[in-house]
Amino acid sequence: MLLLGCIKEVSDYELAISLPNGLSGFVPVTQISDAYSKLLTKQVAQGELLEELNSLPDMYSPGTLVRCIVTSIEKGADGRRSVKLSIDPKKVNKGLSSTALAAGMLLSGSVLSVEDHGYLIDIGVTGTHAFLPHQKAKNYIKAVKKGPDLKIGQNLNCLIVEVKSEGRVVCLSIDRSEVAASIASERQNWTLSNLLPGLVVKARVQKVAPLGMKLTFLSYFTGIVDFMHMDPEKSMSYSPDQVVKACVLSVHPTSRAVRLTLRPPFLHPGGAPRQLPGQRMGAVLEEATVKAFYKQFGAVFELDDGTLAFARLKHLSKTRKSFKPGAFKEGCKHKCRIIDYSLMDEMCVVSLKHQIIEARFLQYQDIHTGDVVQGKVLSLKPIGIKVKVADGIRGLVPSLHLSDVILKQPEKKYNIGDEVKCRVLECNPEGKKLILTLKKSLVQSKLPVLSSYEDAKPGLITHGFVVCARDFGCIVKFYNDVKGLVPKNELGSDPISCPDKVFYEGQVLKVMVLKCEPQQERLLLSFRLSSKPGPEDKWKCTPKEKQEVKYQIGEIVDVKILKKKDNGLEVSILEDEDNGVAWIPMLHLSDFVATSKLLWHCLQEGDVLPRVMYLSDRGEHIILSRKSAVISAVQEEQVVRSFSEIQPGMLLTGYVRNVMPFGVFVEFPFGVTGLAPKVSMSDKFVTDTKDHFVVGQTVIAKVMSIDEEKQRVLLNLKVSECSSGDSAAESFALLNQYFKELKEIRDLLKRGEPSICELVPGKGVRLVLQEVREDGSALFTGSSVTGLTVTATRHHLGDKNVAPGEKRKAMVLHVDALTSEVYVSLREELLKQRP
């Protein structure tokens with residue numbers, strides 16, 4: 001069936017079309033034209049945006065009349081019918097042939113291509129080439145304000161100016177004045193098989209009836225005008241044989257029934273019907289007067305402003321049984337609500353149903369972010385739950401928002417048809433997108449709703465939900481996709497070393513706004529709801545700007561230990577007149593993880609550590625490093641200061657920031673980070689990444705590739721790939737550094753544990769056997785090992801039987817200063833080798 005329609009809404013994927021008699025339909029993006037569909041297919045195949053492909057909102061505007069053809073009528077899950085349409089000229093003009101084309105004809109066309117002197121137009125007629133000169137398009141282009149040119153896929157109301165070569169070539173015009181003046185005539189040889197909606201004709205009234213009129217036009221055609229399409233000003237004054245101007249609204253393919261309209265905006269081709277003022281939609285009217293009642297269709301009302309409105313039969317009462325025809329005599333008054341506006345009928349659509357008049361929400365525009373709404377579960381999907389909020393309003397509760405905790409089996413908690421109480425996280429009326437949450441702590445929250453960066457005033461306390469917890473802190477989201485950062489030092493009153501172990505995705509927490517920059521959409525937050533710092537936090541509050549001016553990355557300073565904490569040392573910088581406070585993480589005390597722990601164990605408050613390097617300022621405090629390899633790399637300029645400096649093949653010294661099942665994240669001085677995937681971590685096969693690397697370990701990494709768009713660096717940590725050439729010299733340098741640090745530790749141990757410093761591997765000692773354990777190992781004591789646990793494994797007791805109380809000579813094999821354990825051997829072959 002062919003229909004004249006008016007564009008009601010435009011989205012990226014479809015056009016919503018208003019059809020005659022209060023109906024509506026949809027044109028999918030694939031039903032615009034052949035040329036547009038080819039561009040869409042090409043874009044999908046290439047996976048990138050095409051310059052010549054414009055979106056539907058770039059080409060179409062609400063209020064524009066278009067010729068449509070019904071392609072299908074689909075029934076949805078809720079029983080509603082959906083009318084699918086096409087505006088493709090090949091389908092709309094399928095009744096036309098090249099021989100039937102004549103000058104003065106008006107038909108639909110679509111831009112096929114842009115040429116030097118004009119446009120090639122697809123008019124859907126096989127064997128005919130249609131051309132639109134620039135001169136005949138410029139006024140139209142200026143009027144529609146959609147850019148300096150017509151775009152491929154743009155639908156046009158075309159007037160045939162000239163027909164050449166028996167219809168093989170036609171010249172077109174879309175000039176508004178020429179189109180508006182065109183009236184279909186007998187000499188254009190229109191037939192019932194090719195008659196098009198939108199044609200304006202001169203017609204003669206044949207018969208006037210209560211529900212409409214019968215007209216004759218173009219000599220032998222007959223058509224019907226129903227009560228909704230008579231001119232409201234003249235509806236009572238039509239008489240037989242009267243000549244009127246009419247516009248074809250629809251042509252039925254089988255019955256050949258033609259419907260027409262006498263409404264003024266349609267009587268000039270390319271006209272635009274009146275639109276309803278936005279504030280009228282959803283308005284409740286106390287008194288609407290019945291103008292006419294049609295027992296098979298519904299009633300026409302006159303509203304308070306004098307305009308007409310139509311209510312379908314089903315909207316006149318709650319149920320069919322409760323309907324009373326006597327209440328709809330002319331002049332009766334009723335309370336109603338405007339639920340829609342039919343552009344094609346220039347009429348409001350109203351409802352007298354009590355539940356619709358009282359309904360809180362009628363359309364997406366009525367819903368505001370932060371509203372608490374009642375809904376009904378429609379379906380359960382992997383991405384979340386679909387909820388019906390009202391007729392025609394659907395929302396999605398993402399899986400993250402089904403509960404305060406993450407649900408692994410939502411189907412056990414929710415069933416289709418359940419009534420649920422939700423809160424609106426995001427509402428986009430244009431895209432008909434509604435995102436909801438079922439988290440009780442958000443639904444029941446009495447705190448202010450934060451839905452824009454402008455509302456985020458310092459000191460505001462509200463509820464938000466965690467979307468990401470990382471080493472640097474937490475990203476917290478609010479309403480309307482507003483999000484902010486809670487830095488590591490603001491996560492709690494006590495330092496939190498691993499935020500990802502304390503916070504989880506979807507967790508609802510109270511947060512306080514510290515700072516907001518609306519233009520940059522930057523938001524700084526805190527989980528510490530009191531702005532006063534406690535005594536433990538004072539050292540963190542050194543002004544960041546002051547520190548940044550004083551120290552540059554790579555600068556070497558001497559520090560004094562103020563406090564030992566579980567994961568590092570709080571130190572003061574000696575050269576700083578203000579005694580600037582800084583932090584050395586435990587794993588930054590040495591390039592060697594074991595040595596770092598040992599050094600931390602040996603150091604005391606008040607000790608001075610020389611030659612420590614300024615590494616970074618994470619916002620909470622200055623971070624220093626004592627990693628020798630990292631210091632050397634910075635001093636020798638073997639570093640990258642920004643992402644833009646990175647090149648594939650570079651060898652960079654860094655340290656392990658995180659060990660994940662899929663790979664290792666490595667951080668370098670100046671803050672650049674990269675990922676070494678599992679396959680590039682080791683020359684051996686990697687089963688568990690944690691068996692190969694630990695956080696804080698110093699590594700040399702080779703840059704494999706960079707992704708500038710995603711700011712991502714891929715690394716290789718295989719030893720075979722990460723050598724600069726002289727691997728022997730590198731190994732000796734590392735060993736030398738290790739022994740140098742061990743000597744430093746031994747000197748520090750002499751202060752508190754002198755006995756352990758004298759015990760070195762290979763030294764002979766006299767011991768007394770205390771006991772033999774169940775596993776065959778033995779425990780010893782002796783004057784030279786006071787306060788230490790001395791053990792010999794069964795293998796190292798030798799061949800002789802030993803008994804408690806016996807005195808024995810032994811050789812030191814290993815000393816573990818961290819646990820104060822000494823391992824010895826009583827084997828003769830080892831003792832003989834002693835000098």
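Some ground rules come before we start. Residues count from 1 along each chain as its sequence is written, and side-chain values use heavy atoms, leaving out hydrogens and water. Since this is a predicted model, local features need pLDDT of at least 70 and side-chain atom pairs count only at pLDDT 80 or more, while totals for chains, interfaces and linings use all residues.

**Exercise 1. Find the salt bridge between Asp122 and Lys90, and say which parts of the chain the pair links.**

Step 1: A salt bridge here is a side-chain nitrogen of Lys or Arg within 4 Å of a carboxyl oxygen of Asp or Glu. The count by this rule comes to 27.

Step 2: look at the pair. The side chains of Asp122 and Lys90 meet at 3.3 Å, N to O. Asp122 sits in strand E7 (residues 118–122) and Lys90 in helix H3 (residues 89–92), so the pair, 32 residues apart, links distant parts of the chain. Helices (H or I, at least four residues) and strands (E, at least two) are DSSP runs, numbered from the N terminus.

Step 3: check burial. Buried is under 20% relative accessible area, exposed is over 50%, and partly exposed is in between (1.4 Å probe, protein chains only). Asp122 counts as buried because its relative accessibility is 8%, whereas Lys90, at 40%, is partly exposed.

**Exercise 2. Are Glu570 and Lys565 buried or exposed?**

Step 1: their side chains meet in a salt bridge of 3.8 Å, N to O.

Step 2: read the areas. Glu570 has a relative accessible area of 7%, so Glu570 is buried. Lys565 comes in at 13% and is buried too.

Step 3: look for shared partners elsewhere.

Step 4: Glu517 is partly exposed at 22%, and Lys515 is partly exposed at 47%.

**Exercise 3. Trace the barrel that contains E17 and E18.**

Step 1: follow the strands. Two strands pair if DSSP finds at least two bridges between them.

Step 2: zoom in. E17 (residues 298–302) and E18 (residues 308–312) run antiparallel and are joined by five bridges. Gly298 stands opposite Arg312 in E18.

Step 3: repeat for the barrel E41-E42-E43-E45-E44, which has five strands and mixed pairing. Strand E42 (residues 778–781) pairs with strand E43 (residues 789–792) in the antiparallel sense over three bridges, and Phe780 has Val790 as its bridge partner in E43.

**Exercise 4. Where does UniProt place the S1 motif, and what does the span 459–528 look like?**

Step 1: read the record. The unreviewed UniProt entry places "domain: S1 motif" at residues 1–88, 104–175, 198–263, 370–439, 459–528 and 649–718. Positions are in the numbering used here, feature names are shortened, and annotations may be inferred rather than shown by experiment.

Step 2: look at the span. Residues 459–528 are 6% helix and 50% strand, with end C-alpha atoms 11 Å apart. For residues 104–175, the figures are 10% helix, 47% strand and 13 Å.

Step 3: Lys488 lies in the loop between strand E28 (483–487) and helix H8 (499–502), and is partly exposed at 24%.
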